[in-house]
6 protein chains.
Amino acid sequence: MPEVHVFMAEGKTDEQKRHMMAGITQALVTALDCAAGSVTVQIIEAGLRDKMKGGRTFEERRASPSPRG
Amino acid sequence: MPEVHVFMAEGKTDEQKRHMMAGITQALVTALDCAAGSVTVQIIEAGLRDKMKGGRTFEERRASPSPRG
Amino acid sequence: MPEVHVFMAEGKTDEQKRHMMAGITQALVTALDCAAGSVTVQIIEAGLRDKMKGGRTFEERRASPSPRG
Amino acid sequence: MPEVHVFMAEGKTDEQKRHMMAGITQALVTALDCAAGSVTVQIIEAGLRDKMKGGRTFEERRASPSPRG
Amino acid sequence: MPEVHVFMAEGKTDEQKRHMMAGITQALVTALDCAAGSVTVQIIEAGLRDKMKGGRTFEERRASPSPRG
Amino acid sequence: MPEVHVFMAEGKTDEQKRHMMAGITQALVTALDCAAGSVTVQIIEAGLRDKMKGGRTFEERRASPSPRG
């Protein structure tokens, strides 16, 4: 029954995303003792100009990383 | 005032999506006795590799459906 | 498979909410030709001080409705 | 720490979106007295056929605006 | 940077929820090779009358489970 | 038309939250040149045990802040 949404900037590979979703599914099965079939995971990906952290878009952050992380 | 978000995998036609959003709008108008003009519906669609159920991506599920649904 | 989230201010009765969720479920079944069992609906309700439209909280809006709707 | 999601129809320029996200970040820093670095903003944009208000898709609304807003 | 939201019905213990969020965090660190400090997880919990699956509220489902799962 | 959702841990005052939502509304009006009446903001607040960053719940983080922010 739980639905999991992951909000992230684009740039990860399909394999990383598949691995991540499988790991999340397993985390829910283990912690909640529920069936894997009841767990849904959806990635909501944003273009680098559609996401901002610390006042800078991810396009700006990737062009010029700061130590602020 | 209510905002409705529908999270789904890609693959439905524009006509199905329009029909679905109109039906949702009507359901809110009827149940909540609110004006249609106050109801917003947005679809958040995921590529088949960006959504997983039961530990399998929707790409995998469509390639090889299982009886688990 | 579709997950539907309804964001709304508190104040509706349980019966209105049940009626609304059943209507949404039916709208998806009809428009998408999917099984009812695959449709999940969750209400995310906000207190009247945790939601704002047009620059006024819903507490303010209910105390003094304006024609702006 | 707060995560802000903006759900909107497509059609705004990158510059408008960057300006908007920077303004939201500043609003949180001012109101909550938190560090800008802790504020994340993500835009979740819908195609004009994937969003509806008042029973009409945004494609229909832009083709034929009504006074209902 | 990724923000994870888990939508679920109430009824799990604090310990189960903490365990689940820690597992999700670890899944992202492993799959995306990102710092744990950049991962945020939030649970959005619904009362049993505010969530529905297959046309029945979770209150109804817990009172009378069906084999549909 | 834009809907803004703010996901945050509990602990802010009503006045801070009202101030924040008003600032967000103004940021959208300025950046997108839209009417204030079309902007909706909703806060989705989590209890301190229902939100985690960096592998620690907000309850743990407030009890023992670390320099990791």
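**Figure 1. A salt bridge between chain E and chain A.** In this predicted model, the side chains of A:Glu3 and E:Lys51 form a salt bridge with an N to O distance of 3.2 Å. Between chain E and chain A the count is 2 salt bridges. The contact draws 23 residues from chain E and 23 residues from chain A. Putting these two chains together buries about 2,100 Å², with carbon and sulfur atoms giving 70% of that area.

**Figure 2**

**Figure 3. Strand β2 of chain B and its partners.** Of the 7 residues of β2(B) (residues 40-46), 6 are buried, so this strand is largely enclosed by the rest of the structure. Strand β1(B) (residues 3-9) pairs with β2(B) in the parallel sense over 7 bridges. B:Phe7 has B:Ile44 in β2(B) as its bridge partner. From β1(B) the chain passes through helix α1 (residues 14-32) of chain B to β2(B), in a right-handed β-α-β crossover. Strand β3(D) (residues 51-53) pairs with β2(B) in the antiparallel sense over 3 bridges. In that strand of chain D, D:Lys53 stands opposite B:Thr40.

**Figure 4. An open sheet built from several chains.** The sheet has 8 strands with mixed pairing, in the order β4(A)-β3(A)-β2(D)-β1(D)-β1(F)-β2(F)-β3(C)-β4(C). At its edges stand β4 (56-57) of chain A and β4 (56-57) of chain C, each with a single partner strand, so one side of each lacks a neighbour in the sheet. β3(A) (residues 51-53) and β4(A) pair in the antiparallel sense over 2 bridges. A:Arg56 in β4(A) is the bridge partner of A:Lys53.

Figure 5. Over all chains, the count comes to 36 salt bridges. One of them joins the side chains of A:Asp14 and B:Arg49 at 2.6 Å, N to O. A:Asp14 lies in helix α1 (residues 14-32) of chain A and B:Arg49 in the loop between β2 and β3 (51-53) of chain B, so the pair joins two chains. Both are partly exposed, A:Asp14 at 33% relative accessibility and B:Arg49 at 41%. A:Asp50 and D:Lys17 also meet in a salt bridge, at 2.9 Å from N to O. A:Asp50 sits in the loop between β2 (40-46) and β3 of chain A, and D:Lys17 in helix α1 (residues 14-32) of chain D, so this pair too joins two chains. A:Asp50 and D:Lys17 are both buried.

Figure 6. The closest N and O atoms of F:Lys51 and D:Glu3 are 3.1 Å apart in a salt bridge. F:Lys51 belongs to strand β3 (residues 51-53) of chain F and D:Glu3 to strand β1 (residues 3-9) of chain D, so the pair joins two chains. F:Lys51 and D:Glu3 are buried. Elsewhere, salt bridges with shared partners join A:Asp14, B:Arg49 and B:Glu59 into one network.

Methods
Residues are numbered from 1 along each chain as its sequence is written. Chains are lettered from A and ligands numbered from 1 in the order in which they are written. This is a predicted model: local features need pLDDT of at least 70, side-chain atom pairs count only at pLDDT 80 or more; totals for chains, interfaces and linings use all residues. Side-chain values use heavy atoms; hydrogens and water are left out. Buried means under 20% relative accessible area, exposed over 50%, partly exposed in between (1.4 Å probe, protein chains only). Helices (H or I, at least four residues) and strands (E, at least two) are DSSP runs, numbered from the N terminus. Two strands pair if DSSP finds at least two bridges between them. A crossover is right-handed if, with the strands pointing away from the viewer, the path from the first strand over the helix to the second runs clockwise. Contact means heavy atoms within 4.5 Å. Buried area is the accessible area (1.4 Å probe) that two parts lose on being put together, summed over both. A salt bridge is a side-chain nitrogen of Lys or Arg within 4 Å of a carboxyl oxygen of Asp or Glu.
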